[in-house]
Amino acid sequence: MSILIIEAFYGGSHKQLVDLLQKELQDCVLYTLPAKKWHWRARTAALYFSQNVPISEHYRILFASSVLNLTELAALRPDLGKLKKILYFHENQLVYPVKKYQERDFQYGYNQILSCLVADVVVFNSVYMESFLTSIGKFMKLIPDHRPKDLESIIRPKCQVIYFPIRFPDVSSTFTRVGAGEEKGSVQTCTYLHNYFTALMPGRHKHSIQVHGKASFYPSFMPEHKITHLKKMLSLRGNGSAALSMALPSQPEQRTPENLLENFNIVYSVHSDLHTAQENLDNSSIQGSNLKHADSSDSSRSHRGENKQHLTLNSLDSLGGVDDQQRPLHIVWPHRWEHDKDPESFFKVLIHLKSLGLSFHVSVLGETFTDVPDIFAEAKKALGSSVLHWGYLPCKDDYFQVLCMADVVISTAKHEFFGVAMLEAVYCGCYPLCPKDLVYPEIFPAEYLYSTPEQLSKKLQNFCKRPDTIRKHLYKGEMAPFSWAALHSKFRSLLTTEPREDL
């Protein structure tokens with residue numbers, strides 16, 4: 001194995017990137033630490049890896065995220081210090097938001113600067129990472145005396161920008177296979193939906209489709225209005241058919257854009273039948289006793305099955321037999337449950353909407369770590385019946401299913417250098433609303449940006465009153481530049497080097 005990948009915080013986008021590189025590139029070996037206690041990973045991971053990464057004469061490249069103190073690792077392991085060392089930045093500790101300036105721990109930003117000095121190549125995930133370079137001088141002034149000089153000019157020539165590569169999900173195929181391969185959460189959900197709608201429509205089994213005699217496909221509950229959006233995703237110029245046909249693990253078959261578009265026509269017919277059947281139902285039967293059990297769990301990890309039931313049943317209730325104007329706006333917040341994502345501002349806006357008597361649904365996703373801000377428990381109670389889903393979804397199928405059901409995706413972040421979750425949600429047909437700050441103006445057109453929480457609240461008030469306008473909207477930004485199909489050649493070039501004689 002010639003490429004050594006080390007990830008000191010193996011979770012979220014860090015995990016997503018190294019898993020993709022290991023899968024797509026040859027000759028990779030990956031060593032990781034769990035995504036827990038980030039501060040301790042930044043402090044001590046180098047010593048751990050120095051003792052646990054075996055010596056090998058085959059290594060040529062070392063790829064690591066900036067959580068790792070690369071300087072310490074190179075000193076502790078001279079054999080690794082000789083490699084071509086690539087440092088990838090997901091975030092910037094020089095400007096990480098803290099409640100009070102004096103609370104900033106100097107060591108984390110200092111470690112990143114030292115790692116840049118030792119690295120051969122420094123890669124940023126967006127142009128906004130320029131804020132790291134321009135902050136070095138101010139940051140080093142925190143040293144009381146004998147300050148080092150010219151660090152920015154030393155580091156800058158090593159730097160380049162390669163966007164985070166997203167393998168967009170195969171949401172364009174709105175069928176989930178049952179009976180072939182490993183069943184996942186979405187398979188169970190679609191099985192449930194098939195049984196549910198079969199009970200509603202006796203004799204309508206024609207919608208179970210056989211493919212090559214191997215497996216059955218059942219219609220998922222992708223809203224009709226998103227079919228136009230997904231057709232646009234299929235026609236993205238420069239994205240390549242590979243990016244659009246890459247299936248999730250439970251959908252291993254490759255599909256061409258032409259086949260996917262054929263699927264859309266089938267789905268539209270299926271949804272028309274389902275919609276008609278639902279209109280003929282008495283509302284009281286939909287609001288039956290089973291739906292009363294659709295309560296979200298307090299712990300997303302330990303009560304995953306309960307969450308799945310909550311998601312499925314409430315989604316049926318919110319979609320079935322209700323047109324675009326009547327169905328409440330569905331808002332999704334798919335971010336880490338930490339203070340730098342500013343959940344307080346998000347929930348303050350939503351609670352205000354509720355106080356105005358506006359109707360909406362909300363799904364709060366994202367990973368949780370050791371310390372969860374108190375606002376989450378408080379907001380869940382305050383939002384009550386508006387909550388459709390609450391908690392982390394470790395199964396990607398389930399996660400993308402929620403995104404496909406949602407109308408609007410919101411960021412209130414105070415610290416963001418790319419935003420994988422936002423782009424994934426947009427790909428799944430959500431209308432994005434982001435701060436007019438950080439990396440967002442680099443990625444999203446101006447109409448999707450807001451300057452103040454009041455502007456965000458005003459936009460959402462309008463959307464709650466006319467959700468149909470959002471469901472008719474086609475995203476006006478670019479998605480292709482952030483796809484693995486567009487970026488894979490850059491990563492392959494980055495992770496290629498000629499053998500060195502001194503190794």
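The model is predicted: local features need pLDDT of at least 70, side-chain atom pairs count only at pLDDT 80 or more, and totals for chains, interfaces and linings use all residues. Residues are numbered from 1 along each chain as its sequence is written, and side-chain values use heavy atoms, with hydrogens and water left out.

The chain has 22 helices and 15 strands; helices (H or I, at least four residues) and strands (E, at least two) are DSSP runs, numbered from the N terminus. Of its 503 residues, 55% are buried, meaning under 20% relative accessible area with a 1.4 Å probe, protein chains only.

An open sheet is formed by 6 strands in the order 2-1-3-4-5-6, with parallel pairing. Two strands pair if DSSP finds at least two bridges between them. Strand 2 (28–34) and strand 6 (159–161) are at the edges with a single partner strand each, so one side of each has no neighbour in the sheet. From one strand to the next, the twist averages 20°. Strand 3 (residues 61–65) and strand 4 (residues 84–89) pair in the parallel sense over 5 bridges, and Ser65 stands opposite Tyr88 in strand 4.

Axes are lines fitted to C-alpha atoms, for helices over the stretch in contact (heavy atoms within 4.5 Å). Angles run from 0 to 180 degrees between N-to-C directions.

| Helix | Residues | Angle to strand |
|---|---|---|
| Helix 2 | residues 38–52 | about 135° with strand 2 |
| Helix 22 | residues 484–494 | about 145° to strand 4 |

Helix 2 touches strand 1 (3–10) and strand 2, while helix 22 lies across strand 3, strand 4, strand 5 (121–124) and strand 6.

Methods:
Buried means under 20% relative accessible area, exposed over 50%, partly exposed in between (1.4 Å probe, protein chains only).
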